[in-house]
Amino acid sequence: MKKLPQKYYEDLEEIQAIDFVLVELTLYLDTHPDDQQAMVQFNQYAQYSKKLKGNFEAKYGPLQQYGNSYTDANWSWGTTPWPWQI
């Protein structure tokens, strides 16, 4: 398996951190559905997460499955390491 640059791990960690924030905000909003400030924060983090993932995929290949990420002409799912491989 090829060695990945340190930036790969840093980018992946940032995505995981932002997605953790989204999970927490989702749980909060489940019990506080009228909190407008939390909804604004959720939407901001959701947009940021989408941007981070798009940038990650442009550099390293597909990150998400089930239609959340597009494929290229080579079906690159098998060329990037899975989370348990890093």
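Residues 24 or more positions apart account for 51% of the chain's contacts with a separation of 6 or more, where contact means heavy atoms within 4.5 Å. This is a predicted model, in which local features need pLDDT of at least 70 and side-chain atom pairs count only at pLDDT 80 or more, while totals for chains, interfaces and linings use all residues. Residues are numbered from 1 along each chain as its sequence is written, and side-chain values use heavy atoms, with hydrogens and water left out.

**Overall make-up**
- The chain holds 2 helices and 0 strands, taken as DSSP runs (helices H or I, at least four residues; strands E, at least two) numbered from the N terminus.
- Of its 86 residues, 26% count as buried, meaning under 20% relative accessible area, with exposed over 50% and partly exposed in between (1.4 Å probe, protein chains only).

**Helix α1**
- Helix α1 covers residues 6-31, and its 26 residues reach 39 Å from first C-alpha to last, close to the 38 Å expected at 1.5 Å a residue; that expected span is 1.5 Å times one less than the number of residues.
- Its buried residues are Tyr-8, Asp-11, Leu-12, Ile-15, Ile-18, Leu-22, Leu-25 and Leu-29, and they pack against α2 (36-60).

- Lys-53 sits in helix α2 and is buried, with a relative accessible area of 13%.
- Not counting residues up to four places away in sequence, Lys-53 touches Ile-15, Asp-19, Leu-63 and Gln-64.
- Lys-50 also lies in helix α2, but counts as exposed at 67% relative accessibility.
- Lys-50 and Ile-18 are 32 residues apart in sequence and 9.9 Å apart in space, C-alpha to C-alpha.
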